[in-house]
Structure formats: structure tokens, C-alpha cells
Amino acid sequence: MPDRVPVTAWMPSSEPPVCAVCEQARADLAPEGLAVAGEIAVQLVSRGQVGPLVESTVNRLAAALGPGRVSMLVPEAGGKWRVFASSDLSETHDLMVDVERYPELLEVRRTGVPFVVGDASDPRVGERLRSALGSGGVTSTAAFPVLVFTQTGDPVVLKLSLHVPLDGPRLGLATLVAHLLLHRLSRLP
């Protein structure tokens, strides 16, 4: 689903009355995914500080997707990203991620749209990416831009590194949550 979304639909210049990306992702959800998305949506529309909202969203999404890690990465100077929130408690806000080690981040930076590898064993996945994922035991990965950070011009990214395939219902949930975050973060002053 995300690989078919043009950048103008993924990051619209204004809020459409009905979001086609959210509607398609919602249609791909299983009933339990719809319940999780509903919980997260209610959380995101509540008033509160951005940090705790993002951390809660990252942790709830990670719990629903299965084994692996969900992180929110904020761009920094020098082409690196700082971990803002992570479902992996061993990561801290001080951890800097070098984009050269993560081809999915390079692609999101280049294209402005989500990058998804649902299953690293797929023969269409390049050897470099398959090797990078396999070394960490990662079966699937995705990177969703959720806000363009004006200081660097790079996007804030919701990044998934899962030990299970990112199948249709999981991908639908991840896409919907990423787009709900995009809607919420784009309304911040």
C-alpha cells in the first residue's frame, strides 16, 4: 500500500476532508488492528505534550505489531537522526543513528514517501539491504515520514524493525498509525 502513495497524497499541503491514505489503510486492517488504531487515534487527539504522546504511540504500535522495535527518529545536522522515542528500552534519546547504515532512511529522505520491505527473504530485496536486515535478525522494515523538519529539510521518521513479516494487516496498522501521527504533528505550532 505505501509503495503506491505519491508524495502529494502522503504529505498533503492541507488537510483533506477525507484522507485517502487513512481510508485505504483502515480498509486493510483486521478487527484487532482497528481496535488498536482507535485507541491510538483517541490518544493522539487528546491534549498533551508531544513527547509522551509519541512515546505512548510508539510503544502501543510495537506491542500490536509483534517482536521487534518501533522508533521515532528526528533529523539532526550532519545527516544523522536522533532517537526521540523507541519501544526498545535499551535505546535512549541520546542515541544518534547514522543514515548510511539504514538504506530505508536514505530512501525516505530521497523520496519523501514510505519505504517498506515486508519480508527480507523476498527475491526483489537487494542483497545489501537483505544483509543489513539479516545481521540484526530483522525480517521486515519500514520507514514512514511523519513530519518535515524545517531546520534540515529531512523528515521525522517512524521506523519499524520487526522480527516477523510485515503482512497486510500489520502494514495497514503501521500505515494508518504513521498517517495519524502525520496529521497530528502537522497541526503543531
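**Ground rules.** I'm working with a predicted model, where local features need pLDDT of at least 70 and side-chain atom pairs count only at pLDDT 80 or more, while totals for chains, interfaces and linings use all residues. Residues are numbered from 1 along each chain as its sequence is written, and side-chain values use heavy atoms, with hydrogens and water left out.

**Whole chain.** I looked up the secondary structure and got 7 helices and 6 strands. These are DSSP runs numbered from the N terminus: helices are H or I with at least four residues, strands are E with at least two. The order along the sequence reads α-α-α-α-β-β-β-α-β-α-β-β-α. Of the 189 residues, 45% are buried (under 20% relative accessible area; exposed is over 50%, partly exposed in between; 1.4 Å probe, protein chains only).

**Valine 54.** I found this one in helix H4, residues 50–65. I have valine 54 down as buried because its relative accessibility is 4%. Setting aside neighbours within four places in sequence, valine 54 is in contact (heavy atoms within 4.5 Å) with Met72, Phe84, Ala85 and Leu181. I also checked leucine 158: it is 104 residues away along the chain, with 9.9 Å between the two C-alpha atoms.

**Proline 67.** Next I went to the loop between H4 and strand E1 (68–75), where proline 67 sits. Its relative accessible area is 47%, so I call proline 67 partly exposed. Beyond four places in sequence, proline 67 is in contact with Leu162, His163 and Val164. Serine 161 is 94 residues from proline 67 in sequence, and their C-alpha atoms are 8.8 Å apart.
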